[in-house]
Amino acid sequence: MDDRGSFVAVRRISHALDRSSGTCHSNSGDVGASSAAWLGKGLSCVCAQTKEADPRPSFDLTPVQEVCLLRLQSRIDVPYDSSNPDHQKALKALWNAAFPDEELEGLISDKWKEMGWQGKDPSSDFRGGGFISLENLLFLAKNFPKSFQDLLRKQEGVRAMWEYPFAVAGVNITFMLIQMLDLEAVKPRSLVGATFLKLLSENEAAFDLLYCITFKLLDHRWLEMHASYMDFNAVMKSTRRQLERELLLDDITQLEDLPSYNLLAR
């Protein structure tokens with residue numbers, strides 16, 4: 001994706017806040033590649049007027065939800081830094097997860113295009129998603145390796161001749177989720193965002209897990225819509241609508257309850 005939001009199609013190949021008042025709960029293993037700290041229903045609505053007279057409501061947060069949101073925002077605020085050794089290590093880990101039997105000669109290489117990056121230097125594609133988008137990809141590779149490989153290699157369904165680029169699509173999913181859940185606001189301004197923060201307070205890996213669900217749902221909708229690369233934006237919008245509907249279902253108490261969670265395979 002360039003600064004204007006365009007994509008490169010790929011031809012398918014067959015082969016800092018500390019509070020003692022509350023903590024987020026962890027139901028999974030390592031979430032990110034580095035040691036960075038992790039920063040709904042039943043929520044009361046407060047109608048707030050901003051300088052722009054934003055008519056959208058905002059939702060009060062519990063102390064625990066506020067801490068969890070701030071910790072997630074601290075991750076979102078970290079840009080990818082190609083000179084940071086931890087970021088370099090994470091990028092190498094992504095290559096090893098994707099192509100375990102193929103050695104990467106350098107962090108700048110034409111081989112990155114095989115993963116769906118636009119050029120020989122993936123750092124230029126992280127501008128839209130930041131370091132958290134790399135962490136999301138690594139979480140998918142570590143926790144759902146079969147789904148990771150299926151998505152990378154387009155192994156499910158009847159595929160289009162020109163497919164969406166795996167890596168760049170992953171970065172765009174991170175960006176879409178941040179916008180959909182309104183995660184850069186002080187308080188959520190939609191019921192979907194408020195519901196997600198309730199889930200986040202129960203599982204600090206909720207954003208990463210929702211990312212995995214979203215990626216599989218995107219690919220599922222791609223196949224259902226018989227899409228090709230020109231249809232990517234339409235598929236992304238359809239994926240977002242489906243996610244919003246599922247998050248607002250009455251019986252959702254954890255992300256594993258979402259119908260689309262069943263698309264994932266370990």
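A residue counts as buried here when its relative accessible area is under 20%, computed with a 1.4 Å probe on protein chains only. The model on screen is predicted.

Start with F215. Its relative accessible area is 0%, so F215 is buried. F215 belongs to helix α7, which spans residues 206-224.

F166 is in helix α5, residues 166-180, and, like F215, F166 is buried. The two rings form a stacked aromatic pair, with 5.2 Å from centre to centre and 20 degrees between the planes. F166 and F215 are 49 residues apart, and their pair links distant parts of the chain.

Stay on helix α7 and select Y211. Y211 and F215 are 4 residues apart in this helix, which means that about one helical turn separates them. Their rings also pair, here edge-to-face: the centres are 5.9 Å apart and the planes are at 85 degrees. Is Y211 buried or exposed? The relative accessible area of Y211 is 0%, so Y211 is buried.

Ring pairs link F148, F166, Y211 and F215 into a cluster.

For the last stop, select K154 and Y164. What sits over the ring of Y164? The charged end of K154 does, 4.2 Å from the centre of that ring.

Key. Residues are numbered from 1 along each chain as its sequence is written. This is a predicted model: local features need pLDDT of at least 70, side-chain atom pairs count only at pLDDT 80 or more; totals for chains, interfaces and linings use all residues. Side-chain values use heavy atoms; hydrogens and water are left out. Rings of Phe, Tyr and Trp (its six-membered ring) pair if their centres lie within 6.5 Å; planes under 30 degrees apart count as stacked, over 60 as edge-to-face and the rest as tilted. Helices (H or I, at least four residues) and strands (E, at least two) are DSSP runs, numbered from the N terminus. Buried means under 20% relative accessible area, exposed over 50%, partly exposed in between (1.4 Å probe, protein chains only). A charge sits over a ring if NZ of Lys or CZ of Arg is within 6 Å of the ring centre and within 35 degrees of the ring normal.
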